Amino acid sequence: MQITRAKAVALLNKGEMQLYDDSRHNPIRKFSVSQLESRITRARGVRDRARDLVRRQKLSSRQQTGSKRGTSGNANQRSKDKVEILADILKRFETRLGDAKKEAKASEKESAASPRVRKAAVKKAGVQKTARKKTAGKKTARKGTDGTGKRVTAKQALRSTRKVLAAKQEAARQPKPWQEVGSHGGQVSGEGFQSGSAARRAADLHAGEARLPAIHGSSATRDRISQGKRDSHDSGD
């Protein structure tokens with residue numbers, strides 16, 4: 001049966017006509033694999049329902065007319081023509097799906113063979129290899145190495161600790177800026193006099209002390225001598 005659009009319009013509903021239009025030569029080539037699979041499912045469903053209707057009509061016609069074929073009546077023929085149209089739509093979608101899958105495989109092979117794709121794959125592999133090396137180096141450094149891949153011995157670790165401790169002790173022995181003499185203006189050093197006049201008075205006192213006669217004996221002896229002198233004075237009077 002030659003299927004024309006006019007005949008399809010006379011037999012199909014709105015949803016079935018959309019499948020009919022999608023199955024035409026130009027629109028069907030634009031669909032992806034997943035879109036074709038979706039339309040195949042819909043087309044198969046409406047075709048199966050149309051087939052069931054034809055079988056029911058045949059059974060009804062047999063009971064009414066007694067004909068074994070049960071194809072009498074205009075309604076029965078219309079249902080049969082509709083099944084043929086829907087079967088043709090389904091076949092178109094299935095054929096195009098097979099071609100689309102072949103085209104997709106060919107495109108994948110061409111992309112894999114492309115020099116640009118191979119170069120990108122090599123570059124990606126190199127980046128991943130470098131990243132793995134860096135990660136391995138960090139793990140090694142954390143497991144008791146000095147960062148160059150050489151393991152630090154206990155003796156080397158002790159020597160380094162002693163150096164750090166000696167440096168801290170040396171820094172502690174050094175005078176702090178606020179402890180240095182004369183580091184701040186207006187402060188008096190630990191030795192000397194505050195002014196020249198004070199120095200002169202101290203010198204005069206020292207000279208006076210130097211001219212005093214030497215005193216011998218204890219304070220008790222000096223008291224007895226002084227008392228004797230007073231007694232002699234009193235007796236003379």
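Among contacts in the predicted model between residues at least 6 apart in sequence, 58% join residues at least 24 apart. The protein has 237 residues, of which 15% count as buried. Its secondary structure comprises 9 helices and 0 strands, so that, read from the N terminus on, the order of the elements is α-α-α-α-α-α-α-α-α.

The largest nonpolar core contains 22 residues, and those that touch the most other members are Leu12, Leu36, Ile89 and Phe93. Two or more residues are given to this core by each of helix H1 (5–11), helix H2 (14–22), helix H4 (33–65) and helix H5 (74–113), and the largest share, amounting to 8 residues, comes from H5. For Phe93, when residues up to four places away in sequence are not counted, the residues touched are Leu19, Asp22, Ser23, Ile28, Leu36, Arg39, Ile40 and Ala43. Two packed helices are described by the angle between their axes and the distance between the axes. For H2 and H5, the axes come within 9 Å and cross at roughly 45°, an angle that makes H2 oblique to H5. The crossing in which H2 passes H5 is left-handed. On the H2 side, the residues that take part in the contact are Glu16, Leu19, Tyr20 and Asp22, and these meet Lys82, Leu86, Ile89 and Phe93 on the H5 side. Sorted by class, the contact of H2 with H5 has 5 nonpolar residues, 3 charged residues and no polar residues.

Glu16 has its place in helix H2 and counts as buried because its relative accessibility is 7%, which lies under the 20% cut-off for burial. Leaving aside neighbours within four places in sequence, Glu16 is in contact with Leu11 and Val46, and also with Lys82, Leu86 and Ile89. Lys82, Leu86 and Ile89 are likewise named on the H5 side of the contact between H2 and H5.

Arg24 is found in the loop between H2 and helix H3 (25–28). With a relative accessible area of 22%, Arg24 is partly exposed. In sequence, Arg24 and Ile89 are 65 residues apart, while in space the distance between them is 8.6 Å, C-alpha to C-alpha. The contacts of Arg24, with neighbours within four places in sequence left aside, are with Asp88 and Arg92.

Glu94 lies in helix H5, and at 35% relative accessibility this residue counts as partly exposed. A separation of 58 residues in sequence lies between Glu94 and Leu36, yet the two are 7.8 Å apart in space, C-alpha to C-alpha. When residues up to four places away in sequence are not counted, Glu94 touches Ile40 and Arg44.

Methods:
Residues numbered from 1 in each chain as written. Predicted model: local features only at pLDDT ≥ 70, side-chain atom pairs only at ≥ 80, totals over all residues. Heavy atoms only, no water. Core = buried A, V, L, I, M, F, W, Y, C linked by side-chain atoms within 4.5 Å. Buried < 20%, exposed > 50% of the residue type's maximum accessible area, 1.4 Å probe, protein only. Helix = DSSP H or I, 4+ residues; strand = E, 2+ residues; numbered from the N terminus. Contact = heavy atoms within 4.5 Å. Axes fitted to C-alpha atoms, helices over the stretch in contact; angles between N-to-C directions. Parallel < 35°, antiparallel > 145°, perpendicular 65-115°, else oblique. Left-handed = near helix turned anticlockwise from the far one by under 90°. Nonpolar A, V, L, I, M, F, W, Y, C, P; charged D, E, K, R; others polar.
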